Amino acid sequence: MILQRSPYVHLMDMYLLHGKNLAQRGFIYILQFCRGTGQSEGEWEPNVNERQDGLDTLNWLQNEPWVKNIGYWGNSYLALTGWCMADAVPSKVKGMYLSVYGTDRFTSAYSKGMFRHDVLTSWAMEMWDIAWRLQKGSRIRVDISSSDFPQYSIHSNYAGIWSRQEKTRVAHQVIHCGGTYASRLEIPVLDEGD
């Protein structure tokens, strides 16, 4: 049996395709929409209820005689719904395939009141290596934003746990040009022979 938990109602056609393909291979596929999405009851609060709701679902499946083994599968937010309960899953869960959402990201984003200081000073951010061939004359654009909804919930820009804030304010981004804390993007360039 394969379980996924998702808030993305607009991807229903894809989930139906997953179910069809898995059923053809002998698997039972269960999709549960997160609280407050799809036809699930309650209020949609990203990240807040995923651990308990997921464990409630797994514990129910654990006690069903028709369920022999459980696999959990997801990427992006669907991986978060797995990571947040991975330490407490029942014994019928034999594997979890969680991608595009690392444990470091989960820990840094959601520990200690849920959301990483309003001001960052002298902050080095290293990205994974990528290789991309650009045509002569191409340009690269960098977008900087403090928002990444729905991957992360909208932040109020007030101190404290984001889900408990009752008001919001606009965040202003600062790009430092020159001086000790100059913002920069380093792009190493390889020759054709490298």
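This is a predicted model: local features need pLDDT of at least 70, side-chain atom pairs count only at pLDDT 80 or more; totals for chains, interfaces and linings use all residues.
View 1. The buried residues of helix 1 are in contact with strand 1 (2–6), strand 2 (29–33), strand 3 (70–75) and helix 3 (77–83). These buried residues are Y15, H18, G19 and L22. They lie on the same side of helix 1, because the arc they cover around the axis is only 100°. D13, L16, K20 and Q24, on the other side of helix 1, are exposed.

**View 2. Length and end of helix 1.** Helix 1 runs over residues 12–24, and its 13 residues should span 18 Å at 1.5 Å a residue. The end C-alpha atoms are 18 Å apart, in agreement with that span. G26 follows helix 1 and has a positive phi, near 90°.

**View 3. Salt bridge between R5 and E50.** Three salt bridges are found in the whole structure. In one of them, the side chains of R5 and E50 meet at 2.9 Å, N to O. R5 is in strand 1 and E50 in helix 2 (residues 50–62), 45 residues apart. R5 is buried, at 1% relative accessible area, and E50 is also buried, at 3%.

**View 4. Salt bridge between R51 and D87.** The N to O distance of this pair is 2.7 Å. R51 is partly exposed, with 33% relative accessibility, while D87 is exposed, with 64%.

**View 5. A nonpolar surface patch.** L134, I140, V142, L185, I187 and V189 make a patch of about 600 Å². V189 lies in the segment after helix 4 (103–110) and is exposed, at 71% relative accessibility.

Technical notes: Residues are numbered from 1 along each chain as its sequence is written. Side-chain values use heavy atoms; hydrogens and water are left out. Patches are made of residues with over 30% relative accessible area and no salt bridge: like charges are joined within 9 Å, nonpolar side chains (Val, Leu, Ile, Met, Phe, Trp, Tyr) within 5 Å. Accessible areas come from the Shrake-Rupley method with a 1.4 Å probe; for residues, only the protein chains shown count as cover. A salt bridge is a side-chain nitrogen of Lys or Arg within 4 Å of a carboxyl oxygen of Asp or Glu. Helices (H or I, at least four residues) and strands (E, at least two) are DSSP runs, numbered from the N terminus. Buried means under 20% relative accessible area, exposed over 50%, partly exposed in between (1.4 Å probe, protein chains only). The expected span of a helix is 1.5 Å times one less than its number of residues. The arc is that of the directions from the helix axis to the C-beta atoms. Contact means heavy atoms within 4.5 Å.
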